[in-house]
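Look at the structure first, then read the points below.

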Amino acid sequence: MAHRLLSRRLILSSSMLASAVIGYGRRAYAACVPAGGSSFICSGASTGQSISAANADVSTLPGFSVTTASSNALSITGSGDLFYTDTNFSPLTAVAGNGLNMSTNVVAPGSITIHTNGVINTRNYGIRARNIGTGALSITADGDITSAGTTTLSRGISAINFGTDLSVVTGAGVSVTGARYGILGRNYGTGSTTVTVNGDVTASGTTGIDTAIVARGNAGVTLTTATGTTVSGQENGLFLQSSGNGSLNITVNGDVTGTNDDGIYARTGAGGSIAVTVASTSQVTSTGIGADDFAIDTSALGIVNGATNLTVAGTLNGGAGGAVRFHRSSALADRLELHPTAVINGTVFAGPGSDTLALGGIGAGNFDVSQIGPAAQYQDFEVFEKVGASAWTLIGTNASITDWTVNAGVLSVQGMMPNTAFTVDGGTLALGATGDISSVNLNGAASVFDISGTTAGASITSLSGVAGSSVTLGSQTLTLSGAAGTFGGVLAGSGGLTLDGGTETLTGTSTYTGATNINGGTLALASTGSIANSGGVKLNGAASVFDISGTTAGASITSLSGVAGSSVTLGSQTLTLSGAAGTFGGVLAGSGGLTLDGGTETLTGTSTYTGATNINGGTLALASTGSIANSGGVNLNGAASVFNISGTTAGASITSLSGVAGSSVTLGSQTLTLSGAAGTFGGVLAGSGGLTLNGGTETLTGTSTYTGATNINAGTLLVDGSIASSSGVTVNSGGTVGGTGTLPSTAINGGVLSPGTPIGVLNVQGILSFTPTSTYQVSISPSASGRTDVTGTAALSGTALVIAYPGSYPKNSTYTILTAAGGVNGTFSDLSWASDFLCACLSYDANNVYLNITSTGLTFADVGRTANQVATGAAVELLDTGNPIYDVIVLGSAEQARAAFDLLSGEIYASGFGMMLDDSRYVRDAVFGRLRQTYGSGAGSPPTALTGSAAVVNGAADNASSTGLTSTMPPVQKDSVNTTWAQAVGTWGHGGRRKCRRLKALPRRRLQRLRRHL
């Protein structure tokens, strides 16, 4: 184009120069004349002009104009590429015909390019362009075009193309008017169709199909109107169609009106999509009175339309049919997007298929959801979305919408939408003061559900969400009425969370500080889920559950409250209470445990968890029938920690009790029972209640002040502190009391009293008594013994059992094993003592019981049964007191001593019977060895064992022949011979005494074997 324009200017300059040189004073041409090649120049005022040339390139000179009463003011025809360029505002007037008529006349490579600047006034076509070539058709009109006719031939611009692209552009402020069509663009070719209008376009006729702009093509069709323009047709404002599979793209920035039909009618013929955008500066209006009259209509009965995407930021004024109608019969995914500035006057019919109503744009707007529904303004929509950066508020009531998706921006719900589930992929879903919705799924990592603007919190069915999403509570409470979701985000604010039913799982670290109420259903923490900052978990429903079994490291909450029938599922995890202030009447269950870090937690239910109960601070109280009997034990790890059972109705049973100094157990008037103790408690048991031990070993190192009874039914109670304030200790059969602390009056009722741990002094402030089936167990060492000091009387009975620890005991020693300031009554009926070599004897005086150790006179050798045992025993005896071997053996029984001697001597026989059985092989081997001897010296000789050998029977004669020896024995008669043979058995050896003398040099490992054996 640029080089052709330059060429035309050069030709024009050459022509003017030639005219000047001729000097004839000729005027400018009043016609269109050749300017060299295929170029033509039009100048002056003339009547109708006609140019027919191949590749005609026509331009104008200033002052060119045409006024004609004939058919065409200017006609340009020919083959190839045709051009008309008017840069000089040349007017064309055809009183009875067409203004500019251009057409190619050969189906061959060819195109038409038109650029007008002058005003065109005609009766029929303002511009009529028809290209049957294979190229493009392009029209740019920068001057007004008016067709004043009233027939169907009255058209402002008519562009018909059979080649490639078709383009019609009107300049800024340029008006185009026709009776039938303002602009007709029809592309039968393969290219796109584009109509761009920057001025007003009017179809003013009354022919019945008068449309301001018609744009049709086989491929894509694009139409754009500029801001401030008006497009108006007596029938349709815009009619657009893609007959192929191309798409329609319509952008309306100005006003469009269809007086008797649609404002915009658009359709595609082979499934191409339709996109219509109505800008905020635009109004699209239908004033039609028919049922088919709409502001925008993309319905095409009997034609397969593509889906429509309609974006409205302006105003739609619907006709009698409504505001918008999408395809009526095809199941398409049509979409209507409203911007906050949109105004829709009339009904929107979405039609069959999955159709979307979206709220988008920028700014803020309100939408009344009650206008959605079968008989409402917005009909047949199935999908609802919030898009863009805008902030929309939903008002009204709608119970039929089931789903709404928020992709961006803010969607605030002030209306009642009780059955709508909201999915937030991005942006924020907010509930206003009166908002009511069903459920929320925060599906985007930055998605937000905000209820901080409500006046009384918010209730939804369920909450789901991915990590990174969040719920903004503000000071409000979120209630879940029928949960079935997993939420991995954060609940934040000073508000709280309430669960009324279903199962809600939290996997994120929430930071809200309000209360967590479980009125029904299950609230579960999983993975690293946390509600540690919550004001406490309250299980208010009889079947409500708090489940932490799915966590990876247990869960920490402030406090726990709950009614009877509620439960906490621990699994293998531990529940930690950081600042308890609740009463829990339900059940804590699982293999996990309970930890209290502070505050006061009261348990009134029967919990079944088997893990440990750790009280690091604060008070854990059992009340009513509260029980943690299955717990692995109560550990009071903090110096001010308290375990309180004073509120129970029948005391409390726990497995074991441990605790540091400064901790305490508050009994009140109740009894604490230990069922399988394995702990050391350094704190204080206080109250008028008591202590019962039913198994295990419990050590008390603190000074307890409780005044109730102490009963030991089984197991061992070691008191290294004091329980002197107790009303009394009773030790029943199977039980043992011991230690180095202080007891009150103590009754050994078939049980065991064992002072020391193991050797030491146990004090009894009061009286001490034994029943006949009781045992007084005393441990001794060479230098000390266990002892019980009684401030009152001691009534003795039963058995005294002495346990001697290894050491060098003097031959005669005396131990005081019991002292009673109030006197000793009775004696022990029996003494159990393990040694057969030392004698243990009891002696008594008025206030004491003595244990006397003397020798029995039995020596080690005396108990030996074999020579080795006797010899070894005698050798060990020589080692005497102070040798570890002697000291061990002397405390044992004779049987133990013999076993020790066998180990020391290296004895291989288990018993004398075994030795005899093994020795029988000598006789057996001698007999069979003789039978295996060879027969006589000659072949065929009988066995010599049967007949006698020559040396035995015949004497020297036979013997000399075989051995060369001379015998002096007389011959013996063969018929009266009695034969015999003999074989020596045994071995050379030495007595065991020499071996025993080496006992002092025994290896260490043999000493260890001996000690283990004893």
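The largest nonpolar core has 201 residues, and W404, F449, L478, F546, L575, F643 and L672 touch the most other members. A nonpolar core is a set of buried Ala, Val, Leu, Ile, Met, Phe, Trp, Tyr and Cys residues joined through side-chain atoms within 4.5 Å; buried means under 20% relative accessible area (1.4 Å probe, protein chains only). The model is predicted: local features need pLDDT of at least 70 and side-chain atom pairs pLDDT 80 or more, while totals for chains, interfaces and linings use all residues. Residues are numbered from 1 along each chain as its sequence is written, and side-chain values use heavy atoms, without hydrogens or water.

- Another core, of 7 residues, lies apart from it and includes I160, L184, F239 and A300.

**Helix pair**
- Helix α2 (residues 867–879) packs against α4 at about 90 degrees, with the axes 9 Å apart; axes are lines fitted to C-alpha atoms over the stretch in contact, and angles run from 0 to 180 degrees between N-to-C directions.
- The two helices α2 and α4 are therefore roughly perpendicular (65 to 115 degrees).
- On the α2 side the contact (heavy atoms within 4.5 Å) involves N868, Q869, T872, G873 and V876, and on the α4 side R898, F901, D902, L904 and S905.

**Loop residue S566**
- S566 sits in the loop between β62 (560–562) and β63 (567–571); strands are DSSP runs of E, at least two residues.
- S566 counts as buried because its relative accessibility is 1%.
- A polar atom of the S566 side chain lies 2.5 Å from the backbone oxygen of V563.

Notes: Buried means under 20% relative accessible area, exposed over 50%, partly exposed in between (1.4 Å probe, protein chains only). Helices (H or I, at least four residues) and strands (E, at least two) are DSSP runs, numbered from the N terminus. Angles under 35 degrees count as roughly parallel, over 145 as roughly antiparallel, 65 to 115 as roughly perpendicular and the rest as oblique. A polar contact is a pair of N or O atoms within 3.5 Å; within protein, one must be able to donate a hydrogen and the other to accept it, and residues adjacent in sequence count only if both atoms are side-chain atoms.
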